[in-house]
Amino acid sequence: MDRNLSLDVRLLGGFALRVGDQLVPATVWRQRRAAAIIKLLALEPGHRLHREQLLETLWPDRDPESAANNLRVALHHARQGLERAGAPAGVFLVRDGDSLVLGPHDAVQVDVTRFDQAVTRAWQHADPATAERAASFYQGDLLPEDPYEDWAAARREALRASYLTLLARLSGMYEVRGDFSRAMAAQERVLAADPLEETAHSSVMRLHAQMGNASLALAHYARFESVLEQELGAAPEPETRELAAAIREGRLTPAPPPPAPPLTDVRIAAASRLPAAVDIPVGRERELAELQRLLASSRLVTLTGPGGIGKTRLALETARVVEPRYPDGAALVDLAPLRDPTLVLPAVSRAIGVEESAGQPIGELLAASIGERHLLLILDNLEQVAEAGPGIAALMTACPNLTFLATSRVRLRVRGEQEYPVSPLPLPDLPTSGIAALMPDLARTPAVALFVRRAQAARPDFRLTPENVSAVAAVCHRLDGLPLAIELAAARVRVLTPDHLLRRMARPLDVLGMTAADVPARQRTLRDTIAWSHALLDPDEQMLFRRLSVFAGSWTLEGAEAVAASADEPAFDTVETLAGLIDHSLVNARHEGEKAEVEPRYTMLETIREFAIEQLAASGEIVPIERAFESFLLRLAGRAEAGMRGPDQLNWLERLEEEHDNVRAALGRMVDRGDGEAALSLAPRIAPFWRARGYAVEGRSWLERALELVDDPRPGPRAAALDALGGLAIDLGDYDAADRHYRESVDLWWKLGDRPALVQGLYDLSIARTNRGAFDEAQSLLEEALAIAREEHDERGMAATLHNLGMLARENGHLGRAIDLLEEAMAIWRQLGDPHWIGATASNLGDAHRLAGDAERARACFDESAALYSRLGDRFALGVIANHRGLLEQDAGHTAEAFRLHGEALHHFDAVRAPLGAIESIEWLAVSAAGAGQASSALRLFGAADAARKALGLTPLSIDAALVATGRDRAMRDAGSDAAEHLASGAALTLDQARDAALELAGPSR
């Protein structure tokens, strides 16, 4: 690839794409979703998106298979378009795991990114030239050709707002420097983009007046007033009308000359800029107006009041309103994590991007850096470091245009401080009659208005009515008008009416502020509100609440009963107690589908669970409850292990999927305390689930960690763990490790004299030997296992060994014997009713019929196997059957269908990270390509697969190897003298790159 070749994506003002200097033809983008993929990736900061995100965004109403097909088609068109403009194949639009990437990152240029970066620089510098340059990058609204795409709409509005805000800031910077003409020009650019932007009209009027052109200012106002009436049938806002009156009456005089611009530079760090407004404080209009006035005359305003009263939200909203007064910006300095007052000024330094120097005191460095800049700093959560007040006062003295807006539970008590106590929200009167007539006034009361807003966020159909308004008003009174408490109480209307809520609040809200002072204020506030809910529980509810915290995921009633029970405590009704926790919104009941109606599951929000964990730790019962939790999971895993061997396998797989987070939590606790024996009693029983659902890497890790913790484990648990490890290693293609684990497991079973387990061990070891090409050894192991199974009347052992003997016979070309052995195994499996083994035997029986030339029987077997594996959710097995079906279609000359099926298999193996399955799928796609006359693509895949096999030490089965060799020979003949080059090109690919090339070959063009 040419190192200078780049991809330039234009999104502002309309979509265009260039590869180097070559414009991608517009005709390419007639396939709209092809363009949409490029657009979405270009808009992402890292130019990458997970495949599922693309599917959900572009085809939300399609079923997964249909959406995936559409994605393949769109990707094909997008890649074609890039290549038509000169992009090398597989360079700019590539797959990385389950993600799509527009890259390489340093070769992709996106105008939106350039604009965002330039705007960031413009806000870090009080330099009009920097802002002008940033504004020049905005060439129009984002993707105007996609007006109805939801994924573009929000970003379009955000970019437009960023542009207009930047122009307003630019105007302010010019204005503070006395350059009124350029300030005016910036506002006129705002009006060109949004002719009804009233703030810009007001600014133009004020600028005319400051330049001594009152008549022009009034003429502008008259035009704006007329346009507003014509367009919206509305009048200007009172502030604009007051400005016009002031100009008309001569009360707005020309501005004095501006001060000299500061020489030093301050860069506000990205993390310290004012966060975007999520919600405007309810009922704080008076406070906002008063704070604006105070900041005009005082340079240190401290908002004081108890936790939960809304100081931070009020300070941030005030800062957003007054920010235009501070051309050098506004920064938020969060002091909640600090306990040392000496760290306050360093925190300010970091917020405004001033690097500390070992040779200069931080106060002097800040004073020199800020100088005469017009800067607003919001110091949030100052109470625990209030001793920093003198340093803040000294900085104010040294920097005449620096302003502080602080939030604290206590005042700083320094010279120049203006304290502003924040009061609770105004409360309504509690009328005894005539409620209907007073409804409008009650609804406008700030405390009630906040309650209603939050209640509607929790339950959109909530309305204030004559029937519930008295209860709402009483709740607000009971909570003393504290905004945070009202918000949390209002959220409970999801499960309680206001009357019920009021009855449950008999005790006063005295817990707010009782939490330890060594946690951040925001966390204390949240903890306190949960503590309030906790205090309303009865003793049994509190006990169950804390004990349920051991569940990391959801749980069933059975699980709740397991941790609720205790021999030395009076019994309580777990069902009723759990219902009480649901009533208090501390536990959620989850009902999804028919199964959930039989066995609902329950969850806690994570923040609530953290509080419950603290309560459990404080109770002194954490050890016995964790042991009860682990015992419950051990019992469950034992039942699951047995259940997964029969017709209920699917139900047990689904149950373990639900319990998986709990299993992880239990294993984590066992490993953390060094209890390898406990981990070895649980992990092997979960291993069949890990194998079926594609968690082989995780399962292997848990088992290895457990074994490492036990110096001299009991032989039975160690043998079971080693056998489970061997199976997981097989799934991961690590046959050497599998052979090693299985050999040790078999030795232990021999010593223990556990003959049924020995049958399983010999059978498993034969699989490892088969995959390593030692077929004679595998045959001997299976015959030995079959003999023991017959002696023990072990039907499962007999069926499993017969199955694998059939596979070996198929491998050796004895197809008639293979079919007989597999059918004998199938009869036993059907009698036992094991869906996994029925599916596996049907799959291999179908392949034997395929090789014997009986396509009809093969297809029937494959259909049965695929249906069973689909129900079980076993993606590894689905990959195997997809490859079998692909070979059958290839035999029938249906090349396109063969491509599709082998590509489907590769997707399945990729999902469970199974390298052998992926390599085999790549080989079969290469065989199909060779049969379709695509020699170069086929040889590239053959080379990649061969290199991957050598790297991993994987030996192919002889029948498969013969078919692969035939396909490779054909492709080499067709490629002629170029064959070696194509093979070498493939051998240089990583397995991931080979997978991407194979999936491209299996794509929609087929």
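Visitor: What makes E558 and R639 a salt bridge?

Guide: The closest N and O atoms of E558 and R639 are 2.8 Å apart. A salt bridge is a side-chain nitrogen of Lys or Arg within 4 Å of a carboxyl oxygen of Asp or Glu, so this pair counts as one. E558 lies in helix α23 (residues 557–564) and R639 in helix α27 (residues 622–643), so the bridge ties together parts that are 81 residues apart in sequence. Before we go on, please keep in mind that this is a predicted model, in which local features need pLDDT of at least 70 and side-chain atom pairs count only at pLDDT 80 or more, while totals for chains, interfaces and linings use all residues. Residues are numbered from 1 along each chain as its sequence is written, and side-chain values use heavy atoms, with hydrogens and water left out.

Visitor: Why is E558 called partly exposed?

Guide: Its relative accessible area is 29%. Buried means under 20% relative accessible area, exposed over 50%, and partly exposed in between, with a 1.4 Å probe and protein chains only. E558 therefore falls in the middle class, and R639, at 37%, is partly exposed too.

Visitor: Which helices does the salt bridge between R669 and E626 tie together?

Guide: R669 and E626 meet at 3.2 Å, N to O. R669 lies in helix α28 (residues 649–672) and E626 in helix α27, so the pair links parts that are 43 residues apart in sequence. Both R669 and E626 are buried.

Visitor: How do you know that E744 and R718 form a salt bridge?

Guide: Their side chains meet at 2.8 Å, N to O, which is within the cut-off for a salt bridge. E744 lies in helix α32 (residues 735–752) and R718 in helix α31 (residues 715–731), so parts 26 residues apart in sequence are tied together. E744 is partly exposed at 29%, and R718 is partly exposed at 22%.

Visitor: How many salt bridges does the structure hold?

Guide: There are 53. One network of salt bridges links R32, R33, K39, E145, D146 and E149.

Visitor: What makes the buried residues of α15 line one face of the helix?

Guide: The buried residues in α15 (389–398) are G389, I392, A393, L395 and M396. Seen down the helix axis, they fall within an arc of 160°, so they line one face; the arc is that of the directions from the helix axis to the C-beta atoms. An α-helix has 3.6 residues a turn, so residues three or four places apart point the same way. The face turned away from the buried side carries the exposed residues P390 and T397.

Visitor: What covers the buried residues of α15?

Guide: The cover includes β8 (300–304), α13 (344–351), α14 (362–370), β10 and β11 (402–408), where contact means heavy atoms within 4.5 Å. Helices (H or I, at least four residues) and strands (E, at least two) are DSSP runs, numbered from the N terminus.

Visitor: Why is helix α19 called mostly covered?

Guide: In α19 (residues 483–490), 6 of its 8 residues are buried. They are P483, A485, I486, E487, A489 and A490.

Visitor: Why is N381 called buried?

Guide: N381 has a relative accessible area of 6%, which is under the limit for buried, so the word applies. N381 lies in the loop between β10 (375–380) and α15, and has a positive phi of about 65° although it is not a glycine. L143 is another non-glycine residue with a positive phi, near 45°. L143 sits in the loop between α5 (128–136) and α6 (150–176) and is buried, with a relative accessible area of 0%.

Visitor: How do you know that β3 and β7 are edge strands?

Guide: Four strands form an open sheet in the order β3-β2-β1-β7, with mixed pairing. β3 (22–23) and β7 (108–110) each pair on one side only. Two strands pair if DSSP finds at least two bridges between them. β2 (residues 16–19) and β3 run antiparallel and are joined by 2 bridges, so they count as paired. V19 stands opposite Q22 in β3.
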